[in-house]
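Dear colleague,

Please find below the structure that I am handing over to you. My findings follow it, grouped by topic.

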Amino acid sequence: MEQCSSSVVSFQQHPQYYTRDKSSNIVKQQINNHQTSLNYFMLYTNREILKETMAADEEYEREQWTMFGNEAERVEIDVIRNQQLLQMKASAHMRYLEQLSQKAPDFPIPLRAHTVWEGMTVKLSCTVQVPSSLSTTAFFMLKNVNVEIKTFDTKAVITLRAAHKEHEGLYTTRLRTTDGIQEHSAFVYLTDASAAVVGGPASPLAVQVSDVNKDYVFLTWQPPSADGASPVQGYYVERCDLGQGEWVRCNVDIQKMCHYPVFGLKEGTLYQFRVRSVNQAGAGRPSKATKPVLTADPLEHTRTMVDRGRTITITKDELEGRIKAPFPPTNVHACEVSDTYVVLSWTEPEPRGREPLTFYVERSLTGKNSWEMVSLDMVVNSPRFPVFDLVKGKQYYFRVRSVNKYGVSDPSEPSTPISFGKSQAVPAPPHSVMAIRDTDTSVLLQWQEPKDKNGILGYYLYYSEAGKHNWKTINNKPFAKTRFTVHGLKTRKDYVFRVKCVSRAGNSSYSDESQPIMVKSAIYVPSAPSAIVLLLCTGSEMVLGWRAPFSDGGSPVRGYYLDQKEKGMEIWREVNVKPVKERQFKVCNLTSGHFYQFRVFAANVVGIGKPSEPSEAFLCEKWTMPEPGCPYDLEIREVRNGSLVLLWAAPLYEGRSPVTGYLLEISQGDQSENWTALSEKTISDTRYKVSGLQVGETYRFRVSAINEAGVGRASLPSEPVIAQTQPGTKNIEIGVDDDGFIFLGYEAAEMNDESKFLWSKNYTDPIGAERARAETKTNRSVLTFTDPSEEDLGLYTVNMSDNPQQSSSYDFTAEGKVVNLQAPLSAWQVEVSEKGSVRLWLQTESLSNAAELRLIFNDREISSTPHRKINFDKAKGLVEILFDQLSQEDEGSYTAQLRDGRAKNQFTLVFVDKSKSFSHSNPTSHTALSASSLKIQSTGEGFKLYCSLKYYISFLKTSWYFKEKRIGEEARTKPGSSMQKVWIEIFNPTENDKGKYTLEMFDGKDTHKRFLDLSGQAFDDALYFCLFVSDRAKVTKGLPDVVAIMEGKSLCLTCYIDGEPAPEIFWLRNDREIFSQDHFTITKVPKCSSITINNVNMEDSGKYSIFVRNKHGSETVDVTVSVYKHGEKPPANAVELS
């Protein structure tokens, strides 16, 4: 509801803005900083008001002598009202400036996730909004990568040049203010570039260089997330001498593990390294190259000494004297062992001498005394040497000799026995992958790591729309944790997920798929209502209205609670104990002459949200002004490019005379107070279509009521609205279904489980069930007219219950009416003349020129003959057959098949005897009458109810009902039909599926029903196969539908579970998993699980679920927990627990 313009307009903050506590010293300081300007503004405003008032008084005195009686009184009232308006405008502007000064610096647009291609240049920027009264604040962006970052007074920009998968991750912007640090984060996804060859793998990542020596380095990397058309077989390592600029492959054979020793390098040279993945299709794109690495002696610094008093460098070589023949190395051992190579390491001799050293490496099989040189074809400059040509399963001794220009040293002491290591196994896949609802475009994915988690570097995640098996990679950089928020999903689409472990030995196999999940927002408490307005005051009672919360939290608002306090008091007092469903409430037992403030809370199934901002102080004084009060409930519908529809409610206070019309005003911008009238004439209705708006511009609207006394108080301005059609917006469409019924159809762009389609006529009038019926499937609703006539003409509207702006209308006029052939204006008629000629005729509504007629006589199509003339008048809708004389050959069945567009029907006349007349029949009715009684059949996934037919005609319309409520095509039900049978399948049945099932068959004239009561032994027998023979996971007993518990007590919910193998068990609250903590205690034992909520409070209200699953299936059972305060009564439908 809207607030009257006579009250002070409260400053409406953007939902993303952060408002500091009014008691904080910082805010007080900011207010003080504005006080001087505010006082000046107040003085200036008062002066202006005085001038305008004096001018008005002067004009009044000058003309008073010409005015008499009511005319003079009317001018006086106008002057007083103008004074009040000027005062209220000044007060509103002061309050706006005051609250603006309290607004902390913040980000006006939140960061959001982005997906970019590998190799692209990416630029991310954000803007901060800082009040002009505050000093410039410093803010910066965090991410530990080599990128370019620029910061300005109100803007920060980060640029990733040639983005690689190493750049993938969470980027955070920090804003440091005097009130603390605020953060906004966004995840940047890197997508693999196109494959180098068709079916080729993606590139590896995170190539690292370690153990740098004069002619040797050691490389490690991580495997890619995408294998390509076939699994990755291994890797090629490449190096580049920066002095030559050419990439050279280092290994001839494919390296299977994600590490490799590179030797044979030149000392004192700058190198870069990169790695390519290889599969059956060939080598993929190279990884990001490493930073340049300089090959050098790592021990050089140990032979350098610096004289503190001088800049002369003295090397240790100079202190070792003239050593000629070198000493042998020491400590020969294996520093890296794999299944394909061994890297030997040793310590240079001490003393070493000045001359450059090289080394000979020798080996010998254990048990033998013969030694052979391993490094025969190369010069070893570093104390590292990889050996590749060992025989698997055999052990070797190694020793090393030092070599300089004077000779060769004695051999070192042999190493301990060395052999190839065992092949490192890839890790086991993760398990228990579970997706949990998060937002309309994201889900929270979590999983369990394998028992043996040694060597796991992280996880790769994959997703696919349910049932399509079109798997796509989520992250291209291993994610180390076991919880990840997946962004960029399509709203209300079903997805499945799977996960891989990543290690240097390779990636694991895929985990099992998660259960399908529909992407939609998890439910929370509603946001705060706003704009509390006084609609009527009687002196002891006030009628209040307010706006609905900006967000209902994903679940419809069930009601509102009000608090009140007198002006100047600190303690709020509850007004209503039971929630009020309407956004309007009468507060009684108030004291006349006192000022009162109010605040409102919204509540949904989760609980009670935050309170609204306190209203202004309303004076409790009986309204006696002659003008009407303010309209309220200003709603915006059907927002399109350049137009929209406004609806409002008439004021509760009419003044001294009835309301005769309304004044509608418009303001361009989201805060402008420059109001102009939309129409020169008053508007008589409580709705108006606004057109001629600029596409993409923002507008606000307000409405004032008019009576004989003049224009009353204006409503509170509407929320700002952009005059632009939102993506996905649909309009109502009209058509004729396959059964010939006229329908209006509407498809919602967004909706949730609680959303409802609300159909009405002329925006407010209900549509009678006898005139039309509405059916909803997924996000589409169809309003079908049972027997359209002139009475059904008019304006039809539809809107979503949780989002009125998502709406459309259709003007159903006589000119645009679709022909209905479901029932003719008259059935077949027979006329026999005195001369014996016979006329058969059939009358329908007027048909279009495209209408078609087929006449069938005894299963063959007929046309006009001299003996039998056929006339078809489309304009009149008349079909007639004229016989000069009837003969025995004319005996039989006559059927007229009519089609006009999609509308179609057939009408049959059966000849009985030449001496008698004709009788007509409906073949579709025979079809329904031939239906057998309902039967039940058990299936592996539940049971099927079916009805056999002798024959089936497409005109037959069938509907299924359970306990008198229509069954749609949902997750657990699936209706179907064939030429001989009509059925409905019930999947994963529970005790809640007990009851009466009804099949309705409509033949265009009559409704035929078949019933089956599944509330006794029949239901138990049907369940026996699917519940007790099947091994799927299931909840056998435990949770009621609704549980009530008093605040402060502890609640224990226990469930019994069955299934083979033993099911996994998860407890959820409002569709989010609950983990054991101080407030929640979860126990899981074989075939039983319980959750205890310790010291229950009001915020614990909501939906709780137990979810069990194994390889054969799953089941979820819900319970609603209602927490009530001491002294209150629990809900009537709840099971009360003490």
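Which backbone nitrogen lies 3.1 Å from a polar atom of the side chain of N1110? It is the backbone nitrogen of A1033. Please note before reading further that this is a predicted model.

N1110 is placed in strand β79, which covers residues 1102–1110. Its relative accessibility is 12%, and N1110 therefore counts as buried, the limit being 20%. Not counting residues up to four places away in sequence, N1110 touches D1031, R1032, A1033, G1059, E1060, P1061 and P1063.

Two of these partners, E1060 and P1061, are joined by a cis peptide bond with omega near 5°. P1061 belongs to the loop between β74 (1051–1058) and β75 (1064–1069). A cis peptide bond also joins E350 and P351, where omega is about 0°. P351 is found in the loop between β19 (342–347) and β20 (358–365).

R492 is not a glycine, yet its phi is positive, at about 65°. This residue sits in the loop between β29 (483–486) and β30 (494–503). With a relative accessible area of 22%, R492 is partly exposed.

E638, likewise not a glycine, has a positive phi of about 50°. Its place is in strand β40, residues 632–640. Is E638 buried or exposed? At 10% relative accessibility, E638 counts as buried.

**Salt bridges**

How many salt bridges does a search of the whole structure find? The search finds 31. Among them is the pair K500 and D227, whose closest N and O atoms are 3.6 Å apart. K500 is buried, because its relative accessibility of 4% falls under 20%.

A salt bridge is also formed by D389 and R363, with 3.0 Å between the closest N and O atoms. This pair links distant parts of the chain, 26 residues apart: D389 is in the loop between β22 (384–387) and β23 (396–404), while R363 is in strand β20. R363 has a relative accessible area of 10% and is buried.

In a further pair, the side chains of E1000 and K1009 meet at 3.5 Å, N to O. K1009 is partly exposed, its relative accessible area being 41%. Finally, R583, D633, E635 and R637 are linked in a network of salt bridges.

**The second largest pocket**

The second largest pocket holds about 1400 Å³ of space. Its lining comprises 39 residues, of which Y561, P579, A603, S1122 and V1123 are the closest to its centre. Strands β35 (559–566), β38 (595–603) and β80 (1113–1124) each supply at least two residues of this lining. Which strand gives the largest share of the lining? That share, 5 residues, comes from β80. By class, the lining of this pocket has 16 nonpolar, 11 polar and 12 charged residues.

**The surroundings of D802**

D802 is located in the loop between β53 (794–800) and β54 (803–812). Its relative accessibility of 30% lies between the limits of 20% and 50%, which means that D802 counts as partly exposed. Leaving aside neighbours within four places in sequence, D802 is in contact with D552, N752 and S755. The C-alpha atoms of D802 and V557 are separated by 8.8 Å, although these two residues are 245 residues apart along the chain.

Yours sincerely

Note on methods. Residues are numbered from 1 along each chain as its sequence is written. This is a predicted model: local features need pLDDT of at least 70, side-chain atom pairs count only at pLDDT 80 or more; totals for chains, interfaces and linings use all residues. Side-chain values use heavy atoms; hydrogens and water are left out. Helices (H or I, at least four residues) and strands (E, at least two) are DSSP runs, numbered from the N terminus. Buried means under 20% relative accessible area, exposed over 50%, partly exposed in between (1.4 Å probe, protein chains only). Contact means heavy atoms within 4.5 Å. A polar contact is a pair of N or O atoms within 3.5 Å; within protein, one must be able to donate a hydrogen and the other to accept it, and residues adjacent in sequence count only if both atoms are side-chain atoms. On a 1 Å grid over the protein atoms alone, a cavity is a set of points where a 1.4 Å probe fits but cannot get out, and a pocket is an open set with protein on both sides within 12 Å along at least five of seven lines; lining residues have an atom within 4 Å of a point. Grid points are joined across faces, edges and corners, and a volume is the space filled by probe spheres set on the points. Ala, Val, Leu, Ile, Met, Phe, Trp, Tyr, Cys and Pro count as nonpolar, Asp, Glu, Lys and Arg as charged, and the others, Gly among them, as polar. A salt bridge is a side-chain nitrogen of Lys or Arg within 4 Å of a carboxyl oxygen of Asp or Glu.
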